[in-house]
Amino acid sequence: MAGTITRVSTCARRLAQAGIKASGVTLSWSTSLAPIAQSLERTNFHGRTVNLRGGVGVAAGSVMAAIETGRLLRGASASRSSAPRSGSRVRLAAAFATTAGGCAGLIDDLDAGAHDGDAPVKGLKGHLTALARGCVTTGVLKIAVIGSGALVGGVLLARDRSAAAGGRALAASAVDAATGAVVIASWANLLNLLDLRPGRALKTATIVSTPLLATPGHDGEPTRLLAAGALGVSLSALPEDLLENTMLGDTGANAVGALLGTALACHPSRAVRAGAALSGVGLILASEKVSFSRVIADTPALAALDGLGRRP
């Protein structure tokens, strides 16, 4: 009994460390950018002036969550010789994914559609159509950069699971890597698609990451730690996002989405990973035909949750 209590206490302490460190970096970056805040101002859907410093803070916090997860996993490995995960591959996977998401999003935010041509390009289909016409939009650049970061992340996580299992067939590792890449890339994009109203993307990240904190077993520790980081980032950025002082923009939404996607791609259950891939891709494809905002507005429970804490 005493051993179980000690393990639970240690696990809770690590989760708190990951969440607090990510939260602190998110807030410090967002605050430190205040002196140059005017250059990051944008107008939101209400016509109010908001600031992208919140998104930069979220991106920085997401990268820190990846780094802190690796550090904590290394500490866990040192404390128990049977620990299956070293932490280095998980850290690199999450760091590549979140950095790629944040950087690609920042380029898109700063460009503000200047390379879209005569009219703003929207959606995956729109950007691919523009590419077919020879127009390389920042959306196309995002697909390439986020996709590359997700692929690197998927390969690293597949290699990590293969090493923990003592080796696997090449075909099995390839499928695992592809699934992980799809999960990371699709969730990075999905959180960005949801960031059409204040707080919506961060609430989604909070809702999805919270149950991941209960992922069981030693193999579930990377998922738990990354989810704690995503939760810390989301909760620290949510108040100013809801008050419409700051906004995530593509910078923050892509980064925290990539962090959440990596947490899902780390999950020890194949069924969970496959479900995350299918749901992420399915919702992205649905967004090409269906307005998420309209669906939320027409569903009372979703509308109530979506509007909770938001300025009128």
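A search of the whole structure, which is a predicted model, finds 12 salt bridges. A salt bridge here is a side-chain nitrogen of Lys or Arg within 4 Å of a carboxyl oxygen of Asp or Glu. Side chains of opposite charge can pair when their charged atoms come close. Three of these pairs are set out below.

| Salt bridge | N to O distance |
|---|---|
| E68 and R71 | 2.6 Å |
| K142 and D250 | 2.7 Å |
| D176 and R168 | 2.8 Å |

A word on the ground rules: residues are numbered from 1 along each chain as its sequence is written. Because the model is predicted, local features need pLDDT of at least 70 and side-chain atom pairs count only at pLDDT 80 or more, while totals for chains, interfaces and linings use all residues; side-chain values use heavy atoms, leaving out hydrogens and water.

**The salt bridges in place**

Let us start with E68 and R71. Both lie in helix 2 (residues 53–79), three residues apart, about one turn of the helix. Helices (H or I, at least four residues) and strands (E, at least two) are DSSP runs, numbered from the N terminus. E68 is buried at 4% relative accessibility, whereas R71 is partly exposed at 38%. For these words, buried means under 20% relative accessible area, exposed means over 50%, and partly exposed is in between (1.4 Å probe, protein chains only).

The side chains of K142 and D250 also meet in a salt bridge. K142 belongs to helix 5 and D250 to helix 9 (residues 249–265), so this pair ties together parts that are 108 residues apart in sequence. Both K142 and D250 are buried.

Salt bridges that share partners link R161, R168, D176 and R273 into one network.

**A glycine beside the K142 and D250 pair**

G105 sits in helix 3 and is buried, with 0% relative accessibility. Setting aside residues up to four places away in sequence, G105 touches K142, D250, T251 and N254; contact means heavy atoms within 4.5 Å. The C-alpha atoms of G105 and G252 are 7.4 Å apart in space, although the two residues are 147 apart in sequence.

Helix 3 itself covers residues 88–111, 24 residues in number, and spans 34 Å from its first C-alpha to its last. That is close to the 34 Å expected at 1.5 Å a residue, where the expected span is 1.5 Å times one less than the number of residues. After the helix comes A112, with a positive phi near 55 degrees.

L92, F96 and V152 make a nonpolar surface patch of about 230 Å². Patches are made of residues with over 30% relative accessible area and no salt bridge, with like charges joined within 9 Å and nonpolar side chains (Val, Leu, Ile, Met, Phe, Trp, Tyr) within 5 Å. V152 comes from helix 5 (residues 138–164) and is partly exposed, at 32% relative accessible area.

S186 lies in helix 6 (residues 170–194) and is buried, with a relative accessible area of 4%. A polar atom of the S186 side chain lies 2.7 Å from the backbone oxygen of V182. Leaving out residues up to four places away in sequence, S186 touches A276, A277, G280, V281 and I284.

Helix 7 (residues 200–212) has 13 residues and reaches 19 Å from first C-alpha to last, close to the 18 Å expected at 1.5 Å a residue. Its buried residues include R200, K203, T204, S209 and L212. Among the elements covering the buried residues of helix 7 are helix 6, helix 8 (221–242), helix 9, helix 11 (292–298) and helix 12 (300–307).

**The whole chain**

Stepping back, the protein chain has 12 helices and two strands, in the order α-β-β-α-α-α-α-α-α-α-α-α-α-α along the sequence. Of its 312 residues, 49% are buried. Among contacts between residues at least 6 apart in sequence, 77% join residues at least 24 apart. The chain exposes about 13900 Å², with 67% of that area supplied by carbon and sulfur atoms; accessible areas come from the Shrake-Rupley method with a 1.4 Å probe, and for residues only the protein chains shown count as cover.

Methods. Polar contact = N/O pair within 3.5 Å; in protein donor to acceptor, adjacent residues only side chain to side chain.
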